[in-house]
Amino acid sequence: MTEKDIQDGKKIAELFAILSEDNKNMAMVYLSALRDKELADSSKDNSWKKSLENQGLSTLKKSQKKKEKVKKKNKTQAQLIEQFLIEFDISKSLFDVVNDWIKYKKEGGFIYKETGLKNLIRQIAESADKYGDKAMAAVIKESIASGYQGIVFDKLAKTKKEATHTNNFNNFLQREYDYKELEQKLLSNN
């Protein structure tokens, strides 16, 4: 006990000395009730603080576990991407564009699972074999730039049809000429 507590105790004793017996009992009941309330409040504060601390620690632990889980998933997905790109023999230039597509989808909140990723890369590889890496890369880039949810593979078929347009007059393939280049050749021969 401090000196102040002793002084306060003396003052209370002096006050009690001048009170009647009924008032002393009433004061004792009142002081007892105050002390009980003080104890209850302090235990509530402590339990509330402990509860908050426990919730904070629990939330922090859950958040850390989620981050670790996401990191493991990302590593796994990155490994899968590399595995499938090697498995389906995708060129380096197309490899970069496919990675851009996967990042684009991830930014939108979509993460490929193993089967979906494998089928996507298989479809890209098959289309690249059929239409060429440059055409496939161009379609993927256009799909990203346009904000599409999927790659518009139909555009590859249109590109192929436009390239193989036949002349209706004689059913020969329409040829594409670089007229400036031809003109330069003609002028240089003269």
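1. Serine 127 is found in helix α4. The model is a predicted one, and in it serine 127 is buried, with a relative accessible area of 12%; the cut-off for buried is under 20%. Not counting residues up to four places away in sequence, serine 127 touches Gly132, Met136, Phe153 and Leu156.

2. Serine 127 also belongs to a helix contact. Helix α4 and helix α5 (residues 133-145) pack at an angle of about 130°, with their axes 7 Å apart. The two helices, α4 and α5, are therefore oblique to each other. On the α4 side the contact is made by Ile124, Ser127, Ala128 and Tyr131, and on the α5 side by Asp133, Ala135, Met136 and Ile140. By class, the residues of this contact divide into six nonpolar, one polar and one charged.

3. Helix α4 has a further partner in α3. Helix α3 (residues 92-107) and helix α4 (residues 114-131) pack at an angle of about 140°, their axes being 12 Å apart. Here too the helices, α3 and α4, are therefore oblique to each other; angles count as roughly antiparallel when over 145 degrees. The crossing of α3 and α4 is right-handed.

4. Which residues bring α3 and α4 together? From α3 come Leu94, Val98, Trp101 and Ile102, and these meet Leu117, Leu120, Ile121, Ile124 and Ala128 in α4. The contact of α3 with α4 has nine nonpolar residues, no polar ones and no charged ones. Ile124 and Ala128 of α4 are listed in the contact with α3 and are listed again in the contact with α5.

5. Leucine 120 is found in helix α4 and is one of the residues that meet α3. Leucine 120 is buried, with a relative accessible area of 10%. Leaving aside neighbours within four places in sequence, leucine 120 is in contact with Trp101, Tyr112 and Ile151. The C-alpha atoms of leucine 120 and phenylalanine 84 are separated by 9.7 Å, and these two residues are 36 residues apart along the chain.

6. The structure holds two aromatic pairs. Tryptophan 101 and tyrosine 104 form a tilted pair, 5.2 Å centre to centre, with 45° between the planes. Both residues, tryptophan 101 and tyrosine 104, lie in helix α3, three residues apart, which is about one turn of the helix. Tryptophan 101 and tyrosine 104 are both buried.

7. How are the rings of phenylalanine 110 and tyrosine 112 arranged? Their centres are 4.9 Å apart and their planes are at 90°, so the pair is edge-to-face; the cut-off for that class is over 60 degrees. Phenylalanine 110 is partly exposed, with a relative accessible area of 41%, whereas tyrosine 112 is buried, with a relative accessible area of 14%.

8. On the chain as a whole: there are seven helices and zero strands, and along the sequence the pattern reads α-α-α-α-α-α-α. Of the 190 residues of the chain, 17% count as buried; serine 127 and leucine 120 are among the buried residues. Of the contacts in the chain with a separation of 6 or more, 58% are accounted for by residues 24 or more positions apart.

Notes
Residues are numbered from 1 along each chain as its sequence is written. This is a predicted model: local features need pLDDT of at least 70, side-chain atom pairs count only at pLDDT 80 or more; totals for chains, interfaces and linings use all residues. Side-chain values use heavy atoms; hydrogens and water are left out. Axes are lines fitted to C-alpha atoms, for helices over the stretch in contact, and angles run from 0 to 180 degrees between N-to-C directions. Helices (H or I, at least four residues) and strands (E, at least two) are DSSP runs, numbered from the N terminus. Angles under 35 degrees count as roughly parallel, over 145 as roughly antiparallel, 65 to 115 as roughly perpendicular and the rest as oblique. A crossing is left-handed if the near helix is turned anticlockwise from the far one by less than a right angle, and right-handed if clockwise. Contact means heavy atoms within 4.5 Å. Ala, Val, Leu, Ile, Met, Phe, Trp, Tyr, Cys and Pro count as nonpolar, Asp, Glu, Lys and Arg as charged, and the others, Gly among them, as polar. Rings of Phe, Tyr and Trp (its six-membered ring) pair if their centres lie within 6.5 Å; planes under 30 degrees apart count as stacked, over 60 as edge-to-face and the rest as tilted. Buried means under 20% relative accessible area, exposed over 50%, partly exposed in between (1.4 Å probe, protein chains only).
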